[in-house]
Amino acid sequence: VNGEALSRLGEAGLERFYLELREHASFKPELLNNIEMGLRFNSDGLTASANLFFSNRQDMQIKQWLTNDIEVQEGEQPLFVGYISNAPEGHNYGVETSVSYQVNTDLITYLGISWLESEVEDFDRLETDPVTWQQVRVNIDGREQAHAPDYQFNLGASLQITDKLALNSSVTGKGAYYYSF
């Protein structure tokens, strides 16, 4: 149940979203089918792994937002209402890799790289048209899923200085991604 959406049905400034919030009073469970294949290697201080995966998401749960930001008058704060809804389907596939090497008893280096493709299928979301300021449904079929950057990496090293003190340094990065639908 979308408790936040239901609790804000009659809230001032959100009247135009009454039907949308009622329509999304509840949501369905998501079903995820996942296929993975991986390899691991460990020898003489070198550890490596690689994992290929494919996921199919039925009734994919997604977070959406409604806001009055276009109608906000001077001195007012925008109102945001979050709710969960279901897209018919989504797909994810990619690869994750990692390598670490113990240079000596005190120094370990590591690297991780991953690549991800994701999409949502046949989904309409409510948006405000910037010209007419009317609420319109926009189909985002094929768009990337939220919180799904197409790549991520980390590179670093850990140095054991004493039995009780270690120094770790790393660099991480990730591609751009959508925050929500």
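**Close-up views of salt bridges and the sheet**

**View 1. R137 counts as partly exposed, with a relative accessibility of 42%.** The model shown here is predicted. The partner of R137 in this view is E23, and their side chains form a salt bridge with an N to O distance of 3.9 Å. E23 sits in helix α2 (residues 18-23) and R137 in strand β6 (residues 135-139), so the contact ties together parts that are 114 residues apart in sequence. E23 reaches 52% relative accessibility and therefore counts as exposed, the cut-off being over 50%.

**View 2. E30 and R57 meet through their side chains in a salt bridge, 2.6 Å from N to O.** This pair, too, links distant parts of the chain. E30 belongs to the loop between α2 and β1, R57 to strand β2 (residues 46-67), and 27 residues separate them. R57 is buried at 18% relative accessible area. E30 is partly exposed at 27% relative accessibility.

**View 3. E20, E23 and R137 form one network.** Salt bridges with shared partners join the three residues. Across the protein, the count of salt bridges is five.

**View 4. E4 pairs with R8 in a salt bridge.** Their closest N and O atoms lie 3.3 Å apart. E4 has 33% relative accessibility and counts as partly exposed. R8 has 15%, so it counts as buried, the limit being under 20%. Side chains of opposite charge can pair when their charged atoms come close.

**View 5. Six strands build an open sheet.** The order is β1-β2-β3-β4-β7-β8, and the pairing is antiparallel. Strands β1 and β8 (166-174) are the edges; each has a single partner strand, so one side of each lacks a neighbour in the sheet. From one strand to the next, the twist averages 20°.

**View 6. Strands β3 and β4 pair over 14 bridges.** β3 spans residues 80-102 and β4 residues 107-121, and they run in the antiparallel sense.

View 7. The protein as a whole averages 89, and 96% of the residues score at least 70. Where pLDDT is low, the predicted coordinates should not be read in detail.

Conventions: Residues are numbered from 1 along each chain as its sequence is written. This is a predicted model: local features need pLDDT of at least 70, side-chain atom pairs count only at pLDDT 80 or more; totals for chains, interfaces and linings use all residues. Side-chain values use heavy atoms; hydrogens and water are left out. pLDDT is the predictor's confidence in each residue, from 0 to 100. A salt bridge is a side-chain nitrogen of Lys or Arg within 4 Å of a carboxyl oxygen of Asp or Glu. Buried means under 20% relative accessible area, exposed over 50%, partly exposed in between (1.4 Å probe, protein chains only). Helices (H or I, at least four residues) and strands (E, at least two) are DSSP runs, numbered from the N terminus. Two strands pair if DSSP finds at least two bridges between them. Axes are lines fitted to C-alpha atoms, for helices over the stretch in contact, and angles run from 0 to 180 degrees between N-to-C directions.
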